[in-house]
Structure formats: C-alpha cells, structure tokens
Amino acid sequence: MVTRKSRREIEKMRVAGRIVAEVLALVESEVKPGISTAQLDRLAERHIRSAGAVPSFLGYGHRSNPFPASLCISLDDEVVHGIPGERQIRDGQIVSVDAGAIYDGWHGDGARSFIVGTPSDEVKNLVDTTRLAMMAGIAAAVPGANLGDISGAIEDAAAPGGYGIVRQFVGHGIGTEMHQEPQLPNYRTGVRGMKLVPGICLAIEPMLTLGGHEVSVKPDGWTVVTTDGSLAAHFEHTIAVTDDGPEILTRI
Ligand code: MG
C-alpha cells in the first residue's frame, strides 16, 4: 500500500532529510586521499546522533548479516551498499556515499557520488549524468503525473550517453520505514504506474555505469558491484510530491 504523508509528517521527514544532507556535506568536505571509509562512517554516525536522529542503515537487514555501519560507501565499480572499513580512499576514485537517518520515526535517505582528485572526462560525465538523471526524475514527480513518468525521465537523461542503467536496485517509497511501496525503476517498464498525488514521498536514486546494467553481490552479502567491472555512480534524494510540485527533503 502506498501511504500519503500529512504536512506534519513531511515536516519530520524534512528534518531527517536535512540531517542526511548535512552528513553528505560533511563527507564532501572530508573525503580525500588517505582517509579511510571507516573514518568517514564514524564522522557520519556522530553527526546523525548529535542531531537527535538514528542511523537507519546500522543493523539493517536480516539478523544473520545486519549492515554494520551508518554509511554505505561504494568505490569505483561498487554500485551501492559498500561496507566502510580500513580501506583508504585513493586519488581518482569514485566514492559513492549513501546516508540514512531516522528522526522521530521518520526516514530520510540520500546519496551522492564524489570524485576524488582530477577525474577523466569519462568519469566526470558519468557522475554528472547520474546527478542530472536524478534531477530529471525529481522534476517529473508532479501531481497528476504517473510513477512511470519518473522512470521515463531518468531513462531519457541516461540513455544518450550510452550508460548502463542498473535494474536490480530501484528507487522506493519512504516514510516510517526506509523502504515502502511503490518500487520506482530507473527505466521504462511499459507500465504507467500509479498516479502521483500530494503526500507521496519517494527516494529517487538512479545508478548508472560505464558498462552494462548487470550487478552482482560480493561474498560479504552487501556490496553490489558491476558484473563487468565498469565504474558506477549513484545519486539519491528523498522527495515529497506537493501541490506546488516536487520538494526535495534531503537538502540543507
Ligand atoms: Mg534508497
């Protein structure tokens, strides 16, 4: 079931979203060669908790293999769900950071790919296009449109560059849980999908690659990599559909 959030509920999601945006800004200021992904994770967890929120990723998943950190940090050919650890960031890497926070029971979820150092044009274009594809999807999230319009807008932004669009992981509804209905593919499915009305909250999160769309999960049970080893990028905002159009909640 797709739930519509009230103004008061969206106000709480706005707080959660702002905390997520602050975490990503903090990471942006700290990510540089030599810092470990675990150090970034510790900074993020401290910020989330000091803001009065709870990291939503920490302990997420089945109890046999809960996610062990507050951030997902995915490097280069890792697409999403990378586990922070003692690995140090190197010059030239794509560092994709996903953050989630729960404030008073309401979720915010957002991600950005950072490029450390000087990227090749190919990498810069991949990262720029992934961000623009997300923004195109957000722009399509207006009352009266359909869910499939968001998917189509994302695909149209990604397709001209020939990028792989990851299909196995998709955007999602969000609210009192991180993942709610509906699922939101980043490509056309041939289905128009539900009508968008004010109060619907979505995490819009395209994942693009320099190769194919196929992904695999590493033996740690979490880290998603491109099957062909190609580089990947990931951007995500939590948004609310409002009478005035889409509102980005994961912003400062
Ligand atoms: Mg998400």
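In this predicted model, Arg-188 is located in the loop that runs between β8 (180-184) and β9. The relative accessibility of Arg-188 is 43%, which lies between the limits of 20% for buried and 50% for exposed residues, so Arg-188 counts as partly exposed. Although 34 residues separate Arg-188 from Ile-154 along the chain, their C-alpha atoms are 8.8 Å apart.

Two of them, Glu-205 and Glu-236, link distant parts of the chain, being 31 residues apart. Glu-205 belongs to the loop between β9 (201-204) and β10 (207-209), whereas Glu-236 belongs to the loop between β13 (232-234) and β14 (237-242).

Both Glu-205 and Glu-236 are buried. Despite being buried, Glu-205 has no salt bridge. The nearest side chain of opposite charge to Glu-205 is that of Arg-112, at a distance of 14 Å.

Strand β5 comprises residues 106-115. Of its 10 residues, 8 are buried, and β5 is therefore largely enclosed by the rest of the structure. The pairing of β5 with strand β4 (residues 94-103) is antiparallel and extends over 10 bridges. Within this pair, Ser-96 is opposite Ser-113 of β5. The two strands, β4 and β5, make up a hairpin in which 2 residues lie between them. In the turn of this hairpin, Asp-104 has a positive phi of about 50°.

An open sheet is formed by 3 strands, which follow the order β3-β12-β11 and pair in the antiparallel sense. The edge positions are taken by β3 (78-80) and β11 (215-217). Each edge strand has a single partner, so one of its sides is left without a neighbour in the sheet. Direction ignored, neighbouring strands of this sheet are turned against each other by 40° on average. In general, strands of a sheet pair through backbone hydrogen bonds, in either a parallel or an antiparallel manner. Here, β11 is joined to the antiparallel strand β12 (residues 224-226) by 3 bridges. One of the paired residues is Val-217, whose bridge partner in β12 is Val-224.

Note on methods: Residues are numbered from 1 along each chain as its sequence is written. This is a predicted model: local features need pLDDT of at least 70, side-chain atom pairs count only at pLDDT 80 or more; totals for chains, interfaces and linings use all residues. Side-chain values use heavy atoms; hydrogens and water are left out. Two strands pair if DSSP finds at least two bridges between them. Helices (H or I, at least four residues) and strands (E, at least two) are DSSP runs, numbered from the N terminus. Axes are lines fitted to C-alpha atoms, for helices over the stretch in contact, and angles run from 0 to 180 degrees between N-to-C directions. Buried means under 20% relative accessible area, exposed over 50%, partly exposed in between (1.4 Å probe, protein chains only). Lys and Arg count as positive and Asp and Glu as negative; His and the chain ends are not counted. A salt bridge is a side-chain nitrogen of Lys or Arg within 4 Å of a carboxyl oxygen of Asp or Glu.
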